[in-house]
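User: I've got a two-chain model open here. Can you walk me through it?
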Amino acid sequence: MFRIKLEQKERVSKQQELIINLYAIAFALILSGIFIALNGANPFVAFWKILTSVFGSRYGFSETLVKSIPLIFTGLSVAIALNSKIWNIGAEGQLFFGAIFATAFVIYGPVLPRPLMLTIMVLLGMIGGAVWAAIPALLKIKFKMNEVISTLLLNYVAINIADYFLFGAWKGKDNFPYTPEFPLEAKFPRLNFGRVHFGFIIAILLVILLYIIIYHTRMGYKLRLTGSSLKAAKYAGIEIKKMMFLVFLISGALAGLAGVGQICGIEYKLHQHISNGYGYTGIIVAWLARSNPFVIVFFAFFLSILLKGVDSLQIVMHLPAAVGVIIQSLILFAILGGELFKNYNVQILRRK
Amino acid sequence: MSDLITILFTAIASGTIILYATIGEIITERSGILNLGVEGMMLMGAFFGYFVAYHTGNLFLAILGAAIIGGLMGLIHAFMTITIRANQVVSGLALTMFGTGISAFFGIGLVGKTLKFSIQPIFIPILSKIPIVGEILFKHNILVYFAYVLPFVIWFIFAKTKWGLALKSSGEEPLSSEIMGIHVIKVRYIATIVGGMLIGISGAYLSVAYSKLWVEGMTAGRGWITIALVIFANWNPLIAYGGAYLFGGLTQLGLNLQKFNIAFPIILLKSIPYIFTLLFLLFISLRGKRSNLPKSLGLAYFRENRE
């Protein structure tokens with residue numbers, strides 16, 4: 001018999017951590033390959049198809065970037081909360097709420113000049129997401145309710161509310177559950193690279209801005225201190241409740257932006273499928289990136305490769321869409337398993 | 001009147017789904033392991049139970065299969081959180097994604113397939129003859145009756161047996177438990193696996209007995225509601241008993257409001273279970289009573305620290 005002996009050690013450096021994560025991802029991809037093989041498809045062909053579908057053409061690459069835009073937003077949303085040890089599992093619902101708010105302006109508001117109209121929609125989207133995040137925030141701060149459960153339950157409610165409008169007041173002329181197409185004034189300009197839209201620029205600017213805020217301002221210092229130790233934050237005179245509330249609002253606003261990006265940049269209307277589970281995938285992005293904004297861009301793109309790749313696998317190799325979720329979960333498990341090597345010296349001993 | 005009886009009857013039938021899962025999750029959490037993978041485990045149970053039921057036509061095998069698959073999912077979570085000591089929140093989320101994906105992937109062939117058998121209700125002699133109460137409580141199928149008994153059994157184990165004591169103390173004070181001779185790691189493994197088995201059964205009950213069909217993602221958030229109900233029940237199986245049926249009742253009431261001519265947008269009614277769950281949680285927090293929350297819930301346990 002063998003037994004595994006673990007000794008706690010100083011957490012490894014960021015660089016080693018990255019290397020362990022890359023190994024873990026490689027391991028997860030091997031497992032996914034085995035899974036694909038067990039289903040009668042050649043995993044090498046499948047992975048090759050994924051790579052060529054992304055890097056093999058201008059179209060493929062631009063479509064991958066398109067998918068990474070909402071993931072950057074939701075990744076940032078989850079990450080900013082995670083920085084303060086708050087689990088926002090509700091980015092999906094906040095994304096929808098942001099989209100609902102922005103759409104409401106198109107439906108009920110006047111058609112304004114494009115820059116003004118888009119600015120208002122972006123702001124409304126952020127407000128919508130923040131409003132939806134304010135509910136779990138208040139529940140946590142006032143009543144100590146666990147935010148994992150409250151944010152998650154509210155996702156279902158937000159999507160129901162979107163359905164309420166889509167099957168009711170906002171229904172298109174042909175009776176299908178989507179709004180009429182937005183006027184030109186409510187569409188993000190494109191960047192002359194496939195469907196990549198202005199939201200990409202907003203996303204990158206926010207990444208830089210959040211990096212500066214988190215690591216180079218007093219406010220960011222307070223944020224991180226609240227996350228690392230509530231006691232220390234209290235001694236430092238930080239008003240923790242206020243801080244938490246603010247974090248929730250920012251987190252919700254960022255997720256709301258993902259919604260605006262989808263309706264103004266890609267779909268040009270509100271419907272039930274504006275999010276491809278981006279709120280949930282954002283959790284993985286944030287967790288993998290250890291909440292560092294720049295690393296979020298990297299992992300958002302990495303997961304977009306998977307999403308885009310799996311889309312084409314569906315078409316070319318007839319593998320169902322669920323493969324994407326399965327691969328994502330395997331990556332999560334592998335990274336979690338990798339934690340072992342980050343926190344402990346692992347020795348395998350022979351048992352006497 | 002007959003409308004009301006029907007609603008209460010279905011309340012029991014739908015409450016049974018979350019009752020099994022809630023009891024399972026209580027067992028797991030009492031040992032100190034937080035399992036947020038309920039939604040995924042339930043889906044796996046629902047899929048695999050339906051798969052076995054469809055191919056064998058045997059209810060017992062279907063439930064057994066779902067229990068085994070749920071137990072295996074529990075084993076994954078136990079390995080990640082107890083042996084590897086990974087973050088319990090992330091492991092649970094990964095488990096939910098995994099279960100959602102795998103069940104959707106392998107379940108494609110089952111969509112639209114109907115079972116060749118249906119579970120017959122058993123009218124309990126004498127009891128089912130009682131007016132109203134008999135109609136509501138004693139004209140169900142065997143799985144519902146089993147769920148009547150289960151919370152009492154688990155409560156008894158918790159309160160009156162050595163096993164229960166070992167389980168609870170592992171969740172409260174793992175280090176002292178170890179000194180008292182309790183093998184905390186073993187206890188937590190068993191609790192997570194047994195919890196997973198019951199969650200698997202809840203899924204099979206949903207697909208095979210309640211809905212009588214398999215649809216991708218059919219649990220529709222019931223796994224998350226379960227986690228909230230555990231808190232509502234204050235980790236006590238007997239309260240879970242009432243909680244699950246109350247919850248089933250409220251859900252049915254929501255779906256039936258139209259019948260009573262109460263004007264309310266139909267689509268928003270689908271939100272009622274989620275909103276009620278939030279209100280439940282709010283109510284618990286306002287009540288502010290002593291909580292049975294296991295002290296070490298969600299914390300990794302280091303056996304090495306004991307020396």
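User: Is A:K85 buried or exposed?

Analyst: A:K85 is exposed, at 56% relative accessible area. Keep in mind that this is a predicted model.

User: Where does A:K85 lie?

Analyst: In chain A, in the loop between α3 (58-83) and α4 (91-108).

User: What about B:W235, buried or exposed?

Analyst: B:W235 is buried, because its relative accessibility is 5% and the cut-off for buried is under 20%. Phi of B:W235 is near 60°, again positive in a non-glycine residue.

User: Which loop holds B:W235?

Analyst: The loop between α10 and α11 (237-256) of chain B.

User: Switching to the interface. How many residues are in contact?

Analyst: 46 residues of chain B contact 39 residues of chain A. The buried area is about 3800 Å², and carbon and sulfur atoms give 83% of that.

User: Which three residues of chain B supply more of that area than any other three?

Analyst: B:M97, B:F105 and B:L278. Together they supply 18% of the area that chain B buries against chain A.

User: How many salt bridges and polar contacts?

Analyst: The salt bridge count between the chains is 0. Polar contacts link 2 residue pairs across the interface.

User: Which element gives the largest share of chain B's side?

Analyst: α4(B), with 13 residues. Other elements giving two or more residues include α3 (59-83) and α13 (272-287) of chain B.

Definitions and conventions
Residues numbered from 1 in each chain as written. Chains lettered and ligands numbered in written order. Predicted model: local features only at pLDDT ≥ 70, side-chain atom pairs only at ≥ 80, totals over all residues. Heavy atoms only, no water. Contact = heavy atoms within 4.5 Å. Buried area = accessible area lost by both parts, 1.4 Å probe. Salt bridge = Lys/Arg side-chain N within 4 Å of Asp/Glu carboxyl O. Polar contact = N/O pair within 3.5 Å; in protein donor to acceptor, adjacent residues only side chain to side chain. Helix = DSSP H or I, 4+ residues; strand = E, 2+ residues; numbered from the N terminus. Buried < 20%, exposed > 50% of the residue type's maximum accessible area, 1.4 Å probe, protein only.
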